[in-house]
Amino acid sequence: MTSATLLTPARTPWTPEGTTPGAATRIDERAYVRALVVLDSVVLTVALLVGYLARFGDEVPSGSKVPYVLVAPGLVLVWLVSLKALGCYDDRVIGYGADEYRRVSTASLRLAGGIAIVGYVADVGVSRGFLAISFAVGTLGLEVARFAARKRLHRARSHGGGWSRKVLVVGDTAHVLELVQTLRREPYAGYHVVGACIPDALLAPVPQRLGDVPVVGSFRGIPEAATAIGADTVAVTASGELTAARLRRLGWQLEGTGVDLVVAPALTDVAGPRIHTRPVAGLPLIHVEAPEFRGTRKLVKGFVDRAAAGVALTLLLPVLSVIALAIRLDSRGPVFFRQTRVGRGGHEFGVWKFRTMVVNADALLTELTARNETDGLMFKMRDDPRVTRVGRLLRKWSLDELPQLVNVLLGQMSLVGPRPPLPSEVARYDGDVARRLLVKPGMTGLWQVSGRSDLSWEDGIRLDLYYVENWSLAADLTILWKTFGAVVNGRGAY
């Protein structure tokens, strides 16, 4: 398909007179920031109250000359200033990514350290227990409050509301379409594409569209196009006509307009910790570190996996026993189902699950192949007649996968990782997909918290490869936390 075939007639965009780029977006953004400040203030007030009650109870501390009724409001104010100084209310970090949480923790820890030093040097009589409890509760409370606020914002964005950036995409048609698809894949990130500018040579005498994105101009009038459609962000992607000098000039033209300039490199699915920007000869070169598949962090991950699996099996033993009894009473056949899967390095192992299907499920598969509801190499069917009554309940809550803790304990799987594939799937892998076998498969993963069976084969592979390339212990903890929400929600479980 050529670029010309992607262009279709479109209506000329209309904007009310007197509007400024992204005016409505800026108002929504400021309202969200104000709400965060109020929320943080409430959290810090409660934290200081908890610290006071935990240290002194409901009595005024005897012999103390410290006016805690004045110290507490002052500490809240200083804490808010510390959050502001470290950019915790910066629109570039709030609402998406881990940097917001990291900045909140850093600001709180730095303030705690600063107060501890000042208190020691000046010999201030404020109770150390009061401060320790207040900072511990306050830091945790701030993180939880930010998480709750972000989830509410994400839900609003996913339904077309909430504060989002209005983006004008600039570049060649193929790269524009690719960037639009990438941004729309995660609408909760808050980048809403409202128009595109393409090279002069591709413009037609009539209004055009790239897919469903209106083409509002060429490279000659990017600032004017942003103003016309009310964009507050210009995202520049690859194009042979956008030279370094032209891009620098565009930055100058956008100064003072309230429109941000974002450069989107042709590098996707690489996590932030692996990316480092280093200026060389005036050029901001992006250095990408190689993924880590061995070393100390891998040893720590293996130890944490096995220790957690051992503890979980011990605590869940009564639950496992009840499930086993229910399976035995519901249908004929064994309690457990052992299936050959492929692990790290292509080594096969037997994965353990609670049996959720009738005993001759494999024999019936050939009769159901035509009713497969997913693409790619997997077979998925919402109303699979092979699933038992208890099995349907176990699958809904992902309880059938609990025996995989044994595989984790044996070192064959991890708590977090790619989905363990069947040998028949691996036999048809190409070079890229085979990279899933560079790490151990996991009981849960990005595929689990992103829709499970509702995902297409391509999206599932993309998420698995992203994890393989960018795994970290912090990311594992985040995925484990999100897994509980995915299980309770039950989306994609069948």
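How far apart do the end C-alpha atoms of residues 130–149 lie, and how much of the span is helix? I started my notebook with that one. The model I am reading is a predicted one, and in it those end atoms are 28 Å apart. The span is 100% helix and 0% strand.

**Entry: the record**

I looked up the UniProt entry, which is unreviewed, and found residues 130–149 listed there under "transmembrane region". The entry gives that label to residues 31–54, 66–86, 107–124 and 307–327 as well. I checked residues 107–124 next: their end C-alpha atoms lie 22 Å apart, with 89% of the span in helix and 0% in strand.

**Entry: α2 and α4**

Then I turned to a pair of helices, α2 (residues 68–85) and α4 (residues 128–158). They pack at an angle of about 40°, and their axes are 13 Å apart. Angles under 35 degrees would count as roughly parallel and 65 to 115 as roughly perpendicular, so α2 is oblique to α4. The crossing of α2 past α4 is right-handed.

I noted who touches whom. From α2 come Tyr 68, Leu 75, Trp 79 and Leu 83. From α4 come Phe 130, Leu 131, Ser 134, Phe 135, Gly 138, Thr 139 and Leu 142. Sorted by class, this contact holds eight nonpolar residues, three polar ones and no charged ones.

**Entry: Ser 398**

My last stop was the loop between α11 (389–396) and α12 (404–409), where Ser 398 is found. Its phi is near 60°, a positive value in a residue other than glycine. Is Ser 398 buried or exposed? I found a relative accessible area of 10% for Ser 398, so this residue is buried.

Notes: Residues are numbered from 1 along each chain as its sequence is written. This is a predicted model: local features need pLDDT of at least 70, side-chain atom pairs count only at pLDDT 80 or more; totals for chains, interfaces and linings use all residues. Side-chain values use heavy atoms; hydrogens and water are left out. Axes are lines fitted to C-alpha atoms, for helices over the stretch in contact, and angles run from 0 to 180 degrees between N-to-C directions. Helices (H or I, at least four residues) and strands (E, at least two) are DSSP runs, numbered from the N terminus. Angles under 35 degrees count as roughly parallel, over 145 as roughly antiparallel, 65 to 115 as roughly perpendicular and the rest as oblique. A crossing is left-handed if the near helix is turned anticlockwise from the far one by less than a right angle, and right-handed if clockwise. Contact means heavy atoms within 4.5 Å. Ala, Val, Leu, Ile, Met, Phe, Trp, Tyr, Cys and Pro count as nonpolar, Asp, Glu, Lys and Arg as charged, and the others, Gly among them, as polar. UniProt positions are given in the numbering used here, feature names are shortened, and annotations may be inferred rather than shown by experiment. Buried means under 20% relative accessible area, exposed over 50%, partly exposed in between (1.4 Å probe, protein chains only).
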